[in-house]
2 protein chains.
Amino acid sequence: MNKKQLEEKTKQTEEIIFKYLPKAEGAQKPVIEAMNYSVLAGGKRLRPMLMKEVFEMFGGTGEVIEPFMAAMEMIHTYSLVHDDLPAMDNDEYRRGKKTTWAQFDECTAILAGDGLLNFAFETALKAEKENNPYLVRALGILANKAGIYGMIGGQTADIEAEKPESDVDGEKLLFIHEHKTAALIQASMMIGAVLAGASKVDVDKIEKCAYNIGIAFQIQDDILDVTSTLEVLGKPIGSDEKNHKKTYVSIYGLERSKDDVKKLSKEAISILASFGQRNLFLEELVEQLINREK
Amino acid sequence: MNKKQLEEKTKQTEEIIFKYLPKAEGAQKPVIEAMNYSVLAGGKRLRPMLMKEVFEMFGGTGEVIEPFMAAMEMIHTYSLVHDDLPAMDNDEYRRGKKTTWAQFDECTAILAGDGLLNFAFETALKAEKENNPYLVRALGILANKAGIYGMIGGQTADIEAEKPESDVDGEKLLFIHEHKTAALIQASMMIGAVLAGASKVDVDKIEKCAYNIGIAFQIQDDILDVTSTLEVLGKPIGSDEKNHKKTYVSIYGLERSKDDVKKLSKEAISILASFGQRNLFLEELVEQLINREK
């Protein structure tokens with residue numbers, strides 16, 4: 001996969017997402033401006049991209065996938081908007097741009113996050129007109145993986161883990177990574193499969209594959225924080241150690257971490273390659289995501 | 001309707017709502033405890049009660065309505081949890097109990113609100129097993145009336161209206177009341193009708209009826225702030241004037257306000273009485289809600 005191909009896919013994905021953003025007009029203008037600011041602020045658009053690629057791998061066609069792609073990016077974005085709040089991570093910048101509360105104000109950022117989460121479901125429900133028989137199942141996956149038994153659960157555990165009295169072991173760290181990171185990747189890939197009419201067995205395989213991708217992605221994050229350089233990573237290295245944050249590397253060591261990334265990655269790719277119709281772009285995307293150097 | 005009948009109905013409604021609350025266990029325990037604290041903190045349970053009564057008026061039977069009743073109360077509750085935050089209304093007490101952020105902390109309250117909003121959709125989707133053909137339509141109403149074109153839109157306009165430079169006229173005030181208050185009452189009553197299989201014409205009538213109930217309820221609020229006594233109301237009277245808050249009474253005067261409540265109320269009741277099968281408890285409930293003295 002060359003850089004240009006990925007850029008092209010990212011652009012196509014953004015065109016779909018942006019189509020579903022609400023118009024900033026009427027008395028709702030202040031909240032919609034903040035919602036759209038947050039979504040337009042950039043990002044890899046990884047989740048909707050994975051969703052579409054899995055959908056196509058399973059022979060899915062038509063526009064039913066589009067509202068779900070937009071909904072997924074809205075949920076990912078709202079989680080960042082609320083995470084960045086002063087009462088949470090208190091971050092003023094993200095990807096070189098002011099975070100939503102810093103650009104507007106706290107009150108607007110809280111409402112914009114709520115607005116995005118709610119609008120995600122409103123948007124996904126627009127798929128109704130495509131008469132896809134798996135709509136409700138896809139909505140169920142979206143709601144479950146984004147909620148307390150998915151991403152919000154991971155966020156809760158992460159906040160608990162940051163308290164001085166907490167004792168984070170490998171099991172707790174895996175819970176956080178599985179829920180905070182892997183859950184939305186699972187939802188994205190599972191929804192792609194479900195809406196394309198994949199069998200229960202295949203959707204289960206995709207869930208496992210996405211789990212591996214999410215966990216490997218996070219372990220690689222921990223590895224890069226130790227092995228990369230400020231220049232390559234574009235953010236300070238060694239920040240986890242400085243913040244006394246338990247990471248996969250600090251619990252299991254660098255060698256085992258690297259081995260586990262390889263193992264998880266190999267298994268994820270081999271699951272993807274096991275389906276009747278292969279999607280080489282998707283396989284390369286996953287490979288590149290996990291083994292990235294920044 | 002006597003007091004005991006209303007108490008009985010409230011108890012029945014709470015039993016249904018509480019059945020759908022998540023168990024506070026596992027790594028999610030801190031957020032689930034805060035979510036359940038907020039829902040258990042009390043309230044009139046008006047929205048789910050209206051939903052069930054309209055459902056039954058249109059001949060609805062079975063359990064399909066229950067997850068939607070719980071979902072509606074979760075959405076109403078999350079909106080209070082986020083409204084009370086220091087960055088929003090900064091309220092430490094509600095109904096004599098500590099608000100969620102004051103009882104736990106800001107971070108937990110933000111997450112608990114997100115958790116409730118997301119879990120509302122997760123809960124409503126549990127109605128899937130009842131095989132009701134109108135499930136997706138009911139979900140669409142829930143999402144739309146709770147979001148930026150409903151309640152969140154009203155909240156946005158309300159915050160704008162509180163800024164010193166804003167000039168609130170009758171039209172703007174009506175927008176706020178319609179979206180912030182009437183929208184969830186509309187959703188509740190419309191979902192009851194839709195899930196019972198009511199016709200499009202009847203659902204439209206119910207939407208209009210619920211609009212009247214919501215607006216009349218809010219105007220009555222404004223009237224009581226002027227005419228009631230601290231003793232009857234249980235909270236300081238004259239607070240709107242003290243806060244230089246534009247109200248229906250300050251814009252249109254007391255007489256016109258009282259007339260409009262009568263007009264809206266009469267029309268709402270006559271819509272309810274116009275359907276084939278009447279629900280006398282519902283008619284009395286609406287009458288009592290609007291013409292309450294506290």
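What rotation, and what shift along its axis, superposes chain A on chain B? The answer is a rotation of 180° with 0.0 Å of shift, which leaves an RMSD of 0.0 Å, where the superposition is by least squares on the C-alpha atoms of residues with pLDDT of at least 70 in both copies. The two copies are thus related as by a two-fold rotation axis.

Before I go on, please keep in mind that this is a predicted model, in which local features need pLDDT of at least 70 and side-chain atom pairs count only at pLDDT 80 or more, while totals for chains, interfaces and linings use all residues. Residues are numbered from 1 along each chain as its sequence is written, and chains are lettered from A and ligands numbered from 1 in the order in which they are written.

Let me turn to a single chain. Chain A has 15 helices and two strands, these being DSSP runs numbered from the N terminus (H or I, at least four residues, for helices; E, at least two, for strands). Its C-alpha trace spans about 50 × 50 × 35 Å along the principal axes.

Now to the place where the chains meet. The contact takes 40 residues from chain A and 40 residues from chain B, with two residues counted as in contact if their C-beta atoms, placed from the backbone, lie within 7 Å. On the side of chain A that touches chain B, the largest share, 11 residues, comes from H6(A). The residues of that side divide into 25 nonpolar, 10 polar and five charged; here Ala, Val, Leu, Ile, Met, Phe, Trp, Tyr, Cys and Pro count as nonpolar, Asp, Glu, Lys and Arg as charged, and the others, Gly among them, as polar. Because 100% of the interface residues of chain A are also interface residues in chain B, the copies meet through the same surface.

How do the two H6 helices lie against each other? H6(A) and H6(B), residues 106–124 of chain B, pack at an angle of about 15° with their axes 10 Å apart, the axes being lines fitted to C-alpha atoms over the stretch in contact, and angles running from 0 to 180 degrees between N-to-C directions. H6(A) and H6(B) are therefore roughly parallel to each other, a label for angles under 35 degrees, whereas those over 145 count as roughly antiparallel, 65 to 115 as roughly perpendicular and the rest as oblique. Among the residues making this contact are Leu117(A) and Phe121(A) of H6(A), and Leu117(B) and Phe121(B) of H6(B).
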